[in-house]
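I set out to look up the charged pairs and the nonpolar surface of this model. My entries follow.

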Amino acid sequence: SACFLTCFSIPFASIIDLINDYGDFTPKFTPDTLEYTLTVPNSKDEITFIAFAESNKVSVSGTGTYSLIPGDNQFDFVVTSPDNHQLTYTVNVIREKDDNNYIKSLQVNGVINPTFDRDTEEYTVDIKKDVNNLDLVIELESDKASYEVLGNNNFKDIDELNKVIIRVTAENGSTRDYVLNTYRRSDEYFSNRLLNMTINYGTLTPDFNPDINNYAVTVPNSIS
């Protein structure tokens, strides 16, 4: 009689490809490398992983869509063969911290020139002679940023420079300085000057400045 031995191959527990919805891993994915990193910008707050196993008889856990926190985010993908042999692939996703260190809006108890713009970092501020510090209303663009005000006390005599700095620090530690060159002015300086001017409709050109006397207002034809 003859005896026959039949051999059955057991699928190997490995991933032949692992992809995500952002970019390439470091190092580039290969089945034999088990640990990877991926750096994404702060604006990316979630990530999706898809894994392809070597066999349809092999299961892979850990794929799907996940939220990302700023900093390190570790994800493990466990491959299990039919005989319960397991292999774990690990990906560390580094979500960069917020770099926004801009002021969104700024109000001050004086005449500021030029009109505030987030990209303009230096201004002149004229205040009345009895004012000893600036009352500032500051709104930041990012709720993850913070600010401190430097030099906003013990102002010097009339027409002398007082440098006030608003230093904005982003979540990632980067800073931006807004400089307010502040001068206390005599009553005569303001006696024939408007501190501000607003219109109830249309656009004032140029933006109001106490040192500019002539303006144009543009309104629709329907305004009479």
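I take helices (H or I, at least four residues) and strands (E, at least two) as DSSP runs, numbered from the N terminus. The model is predicted, so I note that local features need pLDDT of at least 70, that side-chain atom pairs count only at pLDDT 80 or more, and that totals for chains, interfaces and linings use all residues. Residues are numbered from 1 along each chain as its sequence is written, and side-chain values use heavy atoms, with hydrogens and water left out.

Entry: nonpolar surface. I looked up Val 219 and placed it in the segment after strand 16 (216-218). Val 219 belongs to a nonpolar surface patch with Ile 199, Tyr 201, Val 217 and Ile 223; together they have about 410 Å² of accessible area. Patches consist of residues with over 30% relative accessible area and no salt bridge, where like charges are joined within 9 Å and nonpolar side chains (Val, Leu, Ile, Met, Phe, Trp, Tyr) within 5 Å. Accessible areas come from the Shrake-Rupley method with a 1.4 Å probe, and for residues only the protein chains shown count as cover. I record Val 219 as partly exposed, at a relative accessible area of 37%; buried means under 20%, exposed over 50%, and partly exposed in between (1.4 Å probe, protein chains only).

Entry: salt bridges. How many salt bridges does a search of the whole structure find? I noted 10, each being a side-chain nitrogen of Lys or Arg within 4 Å of a carboxyl oxygen of Asp or Glu. Side chains of opposite charge can pair when their charged atoms come close.

Entry: Lys 104 and Glu 139. Their side chains meet in a salt bridge at 3.7 Å, N to O. The pair links distant parts of the chain, 35 residues apart: Lys 104 is in strand 8 (residues 103-108) and Glu 139 in strand 11 (residues 136-140). Lys 104 is exposed at 51%, whereas Glu 139 is partly exposed at 38%.

Entry: Asp 187 and Lys 129. I found this salt bridge at 3.4 Å, N to O. Asp 187 lies in helix 1 (residues 187-191) and Lys 129 in the loop between strand 10 (122-128) and strand 11, so the pair ties together parts 58 residues apart in sequence.

Entry: Arg 185 and Asp 159. This salt bridge spans 2.8 Å, N to O. Is Arg 185 buried or exposed? Arg 185 is buried, at 14% relative accessible area, while Asp 159 is partly exposed at 46%.
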